[in-house]
Amino acid sequence: MMYRLVADAAMVVHFLFLAYMAVGGFLAWRWRRTIWIHLAVAAWGVSSIVTGVECPLTLAEDWGRRQAGMEGLPASGFIDHYIEGVIYPEAYTNLARLGVAVLVLFSYVGYVLRRQ
């Protein structure tokens with residue numbers, strides 16, 4: 001039971017992390033200091049795509065699932081399991097990444113313009 005809670009909590013936090021990565025820059029329009037947190041989150045997102053490093057939340061969920069006697073996440077990871085092919089077709093992965101990048105850049109431009 002406890003391991004299942006670990007897996008489920010890691011999954012929920014992971015979804016929240018990804019949502020914050022996409023739209024957290026807009027929160028900085030209101031709460032300016034959060035821009036530093038969002039910059040770190042965005043840097044992590046870019047570095048994980050470029051280097052292929054596995055997210056600790058993916059590792060935590062996989063561990064919790066296996067300890068609970070469930071099937072672990074596939075080797076392709078969290079995004080491939082929950083998002084690609086579910087929210088958008090796998091063939092549009094690069095387009096989805098570009099969309100998030102444009103959203104983040106737009107939020108940063110708005111942040112700078114609102115500071116003036």
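Predicted model: local features only at pLDDT ≥ 70, side-chain atom pairs only at ≥ 80, totals over all residues.
## Basis

Local features are given where pLDDT is at least 70 and side-chain atom pairs where it is 80 or more, while totals for chains, interfaces and linings use all residues. Residues are numbered from 1 along each chain as its sequence is written, and side-chain values use heavy atoms, leaving out hydrogens and water.

## Helix H2

Helices here are DSSP runs of H or I with at least four residues, numbered from the N terminus. Glycine 52 follows H2 and has a positive phi, near 80°.

Buried means under 20% relative accessible area, exposed over 50%, and partly exposed in between (1.4 Å probe, protein chains only). Ile35, His38, Val41, Ala42 and Gly45 are the buried residues of H2. Seen down the axis of H2, they fall within an arc of 125°, so they line one face of the helix; the arc is taken from the directions from the helix axis to the C-beta atoms. The face turned away from this buried side carries the exposed residues Trp36, Ile37, Val50 and Thr51. Helices H1 (2–30) and H5 (93–115) are included in what covers the buried residues of H2.

## Nonpolar cores

A nonpolar core is a set of buried Ala, Val, Leu, Ile, Met, Phe, Trp, Tyr and Cys residues joined through side-chain atoms within 4.5 Å. The largest one has six residues: Ala28, Ile35, Ala42, Val104, Tyr108 and Tyr111. H2 and H5 each supply at least two residues of this core, and the largest share, three residues, comes from H5.

Leaving aside residues up to four places away in sequence, tyrosine 108 touches Gly25, Ile35, His38, Leu39 and Ala42 (contact means heavy atoms within 4.5 Å).

## Salt bridges

A salt bridge is a side-chain nitrogen of Lys or Arg within 4 Å of a carboxyl oxygen of Asp or Glu. By this rule there are three. Aspartate 8 pairs with arginine 4, the closest N and O atoms being 3.2 Å apart. These two are four residues apart in helix H1, about one helical turn. Aspartate 8 is partly exposed at 29% relative accessible area, and arginine 4 is partly exposed at 40%.

Arginine 65 and glutamate 61 form a salt bridge at 3.8 Å, N to O, and both lie in helix H3 (residues 56–67). Arginine 65 is buried at 13%, and glutamate 61 is buried at 1%. Aspartate 62 and arginine 66 form a salt bridge with closest N and O atoms 3.0 Å apart, also in H3. Arginine 66 is partly exposed at 49%.
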